[in-house]
Amino acid sequence: MNLRRLFLIAVPYAWLGLFFLVPFLIVFKIALSDSALSIPPYTPTLDLSGGWTSIKEFFQGLDFENFVFLTEDSLYWKSYLGSLKIASISTVLTLAVGYPIAYAMAQSADEWRPTLMMLVILPFWTSFLIRVYSWVGIISNEGLLNQLLLGMGVIDTPLQIMNTPTAVYIGIVYTYLPFMILPIYSALEKMDGSLIEAGVDLGCSKLQAFWLVTLPLSRPGMIAGCFLVFIPALGEFVIPSLLGGSKTLMIGKVLWEEFFSNRDWPVASAVAVVLLLILVIPIVLFQKNQEKAEEAGR
Amino acid sequence: MNRKLSWFNVTSLTLGFAFLYLPMLILIIYSFNASKLVTVWAGFSTRWYGELLHDQQFLDAAWVTLRVGVISSTFATILGTAAAYVLVRGGKFFGRTLFSGMIYAPLVMPEVITGLSLLLLFISIGLDRGIVTIVLAHTTFTMCYVSVVVSSRLMTFDQSLEEAALDLGASAWDSFRLVTLPIIFPAVISGWLLAFTLSLDDLVIASFTSGPSSTTLPIKIFSAVRLGVSPEINALSTLMIAIVAIGVITASLVSKGAIKRQREEELAGNRT
Amino acid sequence: MAEPAQQKVFAPWEDPSEKPIIRFEGVTKRFGDFTAVDKLDLKIYRGEFFALLGPSGCGKTTLMRMLAGFETPTEGHIILDGQDVAPIPPNKRPVNMMFQSYALFPHLTVWENIAFGLKREGMEKDKIEARVSEMLRLTRLEQFAKRKPHQISGGQRQRVALARSLAKAPKLLLLDEPLGALDKKLRQETQFELMDIQEKTGTTFVIVTHDQEEAMTVASRVAVMDHGKLVQVATPAGIYETPNSVYVADFIGDVNIIEGAATPNGDQVEIAWAEGLAPIVAKSSEPIAPGAKVHFAIRPEKIYVSREPDMERANRVQGKVIDIAYLGNISTYRVRLANGQMISASMTNARRLSRRDFTWEDEVWLNWTDTAGLVLTR
């Protein structure tokens, strides 16, 4: 029985170690290596046959050159900032769009809720790529939206939405909306309806009751939703590359191009390491929020 | 409870769901457009579906994607269920924190980083890129989703059921096989479906880990739509949306019975 | 079963030659700093219906889980039928357990649930059939064999759990709050059913409960537990009539506790308890040191309420009726004595309500004999 337990622990453990942890260490190692014009395009690899001296040489060969390079070229820090800005703005927008939907769902009749839930989840099961792509035909210069507006005479030259940050905002709000709606909805759904009645009974107007009771009680859900949108949006690649055009700088896209177009693996790895360091902060905050919410739920 | 929705709520629901579904609806409508141009509606036609079905490249990519999806999600389900069981029931063991970290980290890891790091691993161990490497990569990142789904079911699982099985003479393995597994099986199935969907859907990790002979459907779609709207892709998208919609609706109809039964169980449980 | 011609009183614990089926020898169980069971010794005999009674957290469930094998003692031994059970895992013990939550396998039918343990034993198919049918008959579940647990009522589920744990004919059946999930009426019916089944099968039952009425109804002996220790082990009547401590007296039923200083007087004890009032006279079986602080415990129904003092009873005090609780068959009077002490006394309502003897604010006498109460030193 103990052998079986060992096996049960060891197999997934070893798998994750080999395919998650080790690759990670390799990224770190290459980020600290020099680039070279060969295949693979970086130099030092650890050669253990040389014994202690080769290990020493290996460590001497490592340096922060690539990280220094990241600070020197404005492309990189501009894309980090760009990612942060786009992720923050789209998180706020998603919250603004998602909250009323979640609220209305929580207010609707019991027999409607499962259907509404399914309608929110359904897009999640359809291809992410297709959902992003579906906007191309709408917002491009000769797309449906511009045709409609031109036809109605609202505008006389097509709006340039495609290949601007606005297009990226639309894409992120659209694809990540379910992640915002669901936690807010579950926070609102748990709320005791008589709390609002108590608030009104104690002299609040309906709006005040919402502001003083509903909103604070749904805060854990809102925070969870914001993190669930912000964290993946920060490293997003598909949306900026399909909708954002060449001028929208986001770090996921830069990493991709560094790797596939410039074939500069050490710099790509350094970009990845820095992106991870940036991500650690929201992830830790998110974890804290979840723990707090769990404790409050008990 | 029957509450009347205010106009505000009705408006948010209408606008919200219109926002969620209109783009896909438009995509579906235009997949039946006879013209190649998005802007012009040239009448109803199934021409693009025909072209799609005769495009060997697309068919090959679809076949690769399907194989990768089935194999990787099956592996991921086995590994993820084992990992969930270890996390929830394994008690203390050496390196438990690292283990749970490795389960949850891939969920928040940007795909570009996961893809990049796996590619660097495959190169450094000299593994040629192809279907095998995509399967390995997909198994790794989807098993974490499976283990989250399964472990949340295990946490609500009444542990006295396992104790009862032991008490009645079952071995630890029998009690898992005959009691735990059948009860958590719906969660294992949803874990598999989730892993399968994620695998079918994945562009970034597959791009890093695929070789020239193993292009998956998302890679194919991505390279086609980079240049703008393509009617063939519209047709393909429509097919994929239709498959998912049918699948989800069937699943929900099937599980409606299951949920109803579960409700009855819960009610019965509360009554006593 | 062949009944002996003359009904002998079942009391193996009084027979020194009888071998117990279970022996706890200095069993201690600690969880970190918390001592759940503290150096406990206990003997349980074959054919007993033994109740472990105590408030939640007193260690009774831990004691039972150690018997089943889900916990191992930190110190001491548990001997089952002459064998130390420590090295035997739960799935190899000749002990079965009925869980508080019933733990019925939701994906299996009633029949499959009952057959589960038998199949693990590798019993032949037709023997399993026969045994399951027997169990279904015993618990009157024949027509529910094909149902799933969620398709039957709470009471029926309880019976399935019982049948399942009895199917393997264990040497010992453990019942963890078996009736806790049932409503009161059903619980009372089920108590008698349990006793009936225990008698029919002759299995030794150990039941854990926090409900004193339940323990008193079903058990041949009751062990009252507190903070990991056994306070008293005795028959239900013994526990009720002669509790060995204030804790037990207070835990079982209603009781009036009066504190005072004792003065032994022959086989009697005089207890000075209030200034200006006559001392309480009571018989005591154990010797009591002069001046010792004691508690006098008396049950409400042992007190006779009257308008005039009853000279035939050794103790008489006067008081005023403050509250009357009318419970149908009996009424309980809350009477305040001259020193402010409140005493409960109950009388059966032999007459109709309209002709009741006493009412609020009435001055009454409370009378009891010297054997009605107990002198407790702890």
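## From a sheet in chain C to the cores

In chain C, six strands make up an open sheet of mixed pairing, ordered β6-β7-β8-β3-β9-β10. Two strands count as paired if DSSP finds at least two bridges between them. Strands themselves are DSSP runs of E with at least two residues, helices are runs of H or I with at least four, and both are numbered from the N terminus. Strands of a sheet pair through backbone hydrogen bonds, either parallel or antiparallel.

This is a predicted model: local features need pLDDT of at least 70, side-chain atom pairs count only at pLDDT 80 or more, and totals for chains, interfaces and linings use all residues. Residues are numbered from 1 along each chain as its sequence is written, while chains are lettered from A and ligands numbered from 1 in the order in which they are written.

Back to the sheet. Strand β7 (residues 172-176) and strand β8 (residues 204-209) of chain C run parallel, joined by five bridges. Within this pairing, D176(C) faces V208(C) of β8(C). Helix α4 (residues 154-166) of chain C packs on the sheet and touches β6 and β7 of chain C. The direction of α4 makes about 175° with that of β6(C). Such axes are lines fitted to C-alpha atoms, for helices over the stretch in contact, and angles run from 0 to 180 degrees between N-to-C directions.

Another strand of chain C holds A262(C): β11 (residues 256-265). Is A262(C) buried or exposed? A262(C) is buried, because 25 other C-beta atoms lie within 10 Å. The cut-off for buried is 20 or more other C-beta atoms within 10 Å of a residue's own, for exposed 12 or fewer, with partly exposed in between; C-beta atoms are placed from the backbone. Beyond its neighbours within four places in sequence, A262(C) is in contact with V269(C), I271(C), I288(C), A292(C), V294(C) and V375(C). Contact here means that the C-beta atoms of two residues, placed from the backbone, lie within 7 Å. From A262(C) to E48(C) there are 214 residues in sequence and 39 Å in space, C-alpha to C-alpha.

Now turn to chain B. It has 11 helices and zero strands. Its C-alpha atoms fill a box of roughly 70 × 65 × 30 Å along the principal axes. Of its 272 residues, 43% are buried. Among contacts in chain B with a separation of 6 or more, 77% link residues 24 or more positions apart.

Helix α7 (residues 160-167) of chain B is mostly covered, with six of its eight residues buried. These are L161(B), E163(B), A164(B), A165(B), L166(B) and D167(B). Which elements cover them? The cover includes α8 (172-201) of chain B, together with α1 (60-68) and β6 (95-98) of chain C. Just after α7(B), G169(B) takes a positive phi of about 100°.

Chain B is divided into domain 1 (54-225) and domain 2 (229-272). The bounds come from an automatic or database domain assignment. The domain centres, taken over C-alpha atoms, are 21 Å apart. Six residues of domain 1 are in contact with five residues of domain 2. On the domain 1 side, helix α10 (residues 217-225) gives the most, with three residues. By class, that side has five nonpolar, no polar and one charged residues. Ala, Val, Leu, Ile, Met, Phe, Trp, Tyr, Cys and Pro count as nonpolar, Asp, Glu, Lys and Arg as charged, and the others, Gly among them, as polar.

Chains A and B meet too. The contact takes 62 residues from chain A and 60 residues from chain B. Helix α1 (residues 2-31) of chain A gives the largest share of the chain A side, 17 residues. That side divides into 48 nonpolar, 11 polar and three charged residues.

Last come the cores. A nonpolar core is a set of buried Ala, Val, Leu, Ile, Met, Phe, Trp, Tyr and Cys residues joined through C-beta atoms within 7 Å. The largest has 147 residues, and A102(A), L255(A), V271(A) and L116(B) touch the most other members. Helix α9 (residues 165-190) of chain A gives the most to this core, with 17 residues. Domain 1 (54-225) and domain 2 (229-272) of chain B both give residues to this core, so the core lies between them. Leaving aside its neighbours within four places in sequence, A102(A) is in contact with I181(A), I184(A), Y185(A) and L188(A). Apart from this core lies another, of 101 residues, including A36(C), L141(C), V269(C) and V294(C).
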